[in-house]
Amino acid sequence: MEKKETLKSLIPKLDLPLIGLPLIVVLALCVVFLIHPERSTELTDAIRNFLGNELGVFYILLGFGILLVTLYIAFSPYGQIRLGSLDKPRYSDYKWATLIFTGVFAADLIFYSFIEWALYAGEARIEELGGIQEWASTFPLFHWGPIPWGFYVMLSLSFGFMLHVRKRQKQKFSEACRPLLGSRVDGLAGKAIDFIAICALIAGTATTFSLATPLLAAAFSRVTGVPLSATLTIGVLICIAIVYTITVLSGMKGIVKAAGYCTILFFAMLAYFLLAGGETRYIIETGVTAIGNLAQNFIGLATWMDPLRASGDGVTGFVQDWTVFYWAYWMAWCVATPFFIGMISAGRTIKNVVLGTYGYGLAGTYLSFIIFGNYGLSQQMAGNVDMIGMVADGYDINLGIIQIFETLPFTELLLVTLFVMLVLFYSTTFDSLTLVVSKYSYKSLPQEQESSRVVRAFWAMVFIIFPVGLIFAENSINSLQSVSIIAAFPIGIVFILIIASFFKDAKRYLHEQKTARRSGGYLPS
């Protein structure tokens, strides 16, 4: 049916303003960044600093509040609601877990796992708390821990309820606000919500490609001897684009297969770093210490605001530079990924979605930081690499990560595995995003129906165009990161609307079920 659909018959089904306007805005921003990189950076950094300094408490309280709300939902009557009419989940626990993990920050996660401890090492806050050994390995577990995953969990169950229980025909970000806003989501309010969401998503994806792609290029250069250059990096981007476009055009079957393959490679590399590097005891003991340290200090870390900015330069502090940044960055990414998790959670209870997403998400995340990160930290402590010095002196940190690989046997084989793994991780992450945003592009679309291949191919190309342009302007990447953080502020307000809408609709649903049981009838799922 999909193959016979012509472009002429497809266009009337699409929400063309929602496709065109975000594209025009982000493209215009990129042009401005390229033409006036310094002035645009100053402006976006000023707005970002204002949000972080004056309104940073909004991000902090929102994150901590959402964590508490999701745990309440899981163990309340809302947690017993089943998403849809299936007797058992559509995907097995293993497939579901791999789709969640690889559909999130997989490529970013690998990149930061190797380098984040070194980024924290120069911070005054680390010294105040007790030093690098104890805290440089703790903060990654905090910043990639329960609070940011809570953003995903809350929206996943909201979107899952909307899709599988209420069976909404409009698969849009704004549709989750319908129980609260009513018909206003069909008008200007809904358009504004969806516009902000897609702009933030495009900015976030460009930022993501800018992080790990240079690492891929450095790995390719180290193995093949091809000089590291912008041309090589663009070639790597094109390679990624080809792989994930082919996968996304094949639909969910291709995404499930790719997720399975890269999960196998991920665990194989984890095992190699843990067992072959000679640092097994150090990795495990540092990891256990970091988890205990996080558990003991979690509430303090989650609510500390540094009012005097004593941990920074007096203008911004550690929490503004790091915690607010991370919460906002995850919020910008929440535009599509939770929708994907909600889509693949048919047949599961809300409690299962909450606890499963936290459990599988945190397990994969923590294993990556504990093994990859602590191995790198061990090499720093042993004097085999100087990542902290490279960060302080402004050297290419991707070359530092390559140095970590060079401390292990079979370096070239490891780097080839890293290259393949990251390409697959990129593929599954952007496949899930493309699948979701292509459904956003329709005026209405039944939950079980896939979007047109033409629409999926369009968004696959859009996601790759911006990073190619931004490779030639380093300041533009930093500015785009700021744009994604700025966009997260209005998205945070939308989060509150979605949470209120979920409680209103879910309460009504439970009441409907109770009434139906009393009358001896039943409710169709």
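Visitor: How is Leu-265 classed by its relative accessible area?
Guide: This is a predicted model: local features need pLDDT of at least 70, side-chain atom pairs count only at pLDDT 80 or more, and totals for chains, interfaces and linings use all residues. Residues are numbered from 1 along each chain as its sequence is written, and side-chain values use heavy atoms, with hydrogens and water left out. Buried means under 20% relative accessible area, exposed means over 50%, and partly exposed lies in between (1.4 Å probe, protein chains only). Leu-265 has a relative accessible area of 24%, so its class is partly exposed.

Visitor: Which residues is Leu-265 in contact with, leaving aside its neighbours within four places in sequence?
Guide: Leu-265 lies in helix 14, where helices are DSSP runs (H or I, at least four residues) numbered from the N terminus. Contact means heavy atoms within 4.5 Å. With those neighbours left aside, the contacts of Leu-265 are Thr-417, Val-420, Met-421 and Leu-424.

Visitor: What is the relative accessible area of Leu-275?
Guide: Leu-275 has its place in helix 14 (residues 252–276). Leu-275 is exposed, because its relative accessible area is 62%.

Visitor: Which cysteine is in contact with Phe-495?
Guide: Phe-495 is among the residues with the most contacts inside the largest nonpolar core. Leaving aside neighbours within four places in sequence, its contacts are Leu-62, Ile-66, Phe-151, Leu-155, Phe-173, Met-331 and, as the cysteine, Cys-334.

Visitor: How many disulfides does the structure have?
Guide: A disulfide is a pair of cysteine sulfur atoms within 2.5 Å. The sulfur of Cys-177 is too far for a bond, because the closest cysteine sulfur, in Cys-334, is 14 Å away. Cys-239 is in no disulfide either, with the sulfur of Cys-262 as its nearest at 14 Å. Over the whole structure, the number of disulfides found is zero.

Visitor: What is the geometry of the aromatic pair formed by Phe-142 and Phe-298?
Guide: Rings of Phe, Tyr and Trp (its six-membered ring) pair if their centres lie within 6.5 Å; planes under 30 degrees apart count as stacked, over 60 as edge-to-face and the rest as tilted. Of the 47 aromatic pairs in the structure, this one links Phe-142 in helix 9 (residues 139–143) to Phe-298 in helix 15 (residues 280–303), 156 residues apart. Phe-142 is buried at 1% relative accessibility, as is Phe-298 at 15%. The centres are 6.0 Å apart with 75° between the planes, and the pair is edge-to-face.

Visitor: Which ring does the charged end of Arg-125 sit over?
Guide: A charge sits over a ring if NZ of Lys or CZ of Arg is within 6 Å of the ring centre and within 35 degrees of the ring normal. Arg-348 lies over the face of Trp-96, at 4.0 Å from the ring centre. For Arg-125, at 3.6 Å from the centre, the ring is that of Trp-304.

Visitor: What is the phi of Asp-306?
Guide: Most residues other than glycine have a negative phi. Asp-306 lies in the loop between helix 15 and helix 16 (318–333) and is buried, with a relative accessible area of 4%. Arg-309, in the loop between helix 15 and helix 16, has a positive phi near 55°. Asp-306 is not a glycine, yet its phi is positive, at about 55°.

Technical notes:
Core = buried A, V, L, I, M, F, W, Y, C linked by side-chain atoms within 4.5 Å. Helix = DSSP H or I, 4+ residues; strand = E, 2+ residues; numbered from the N terminus.
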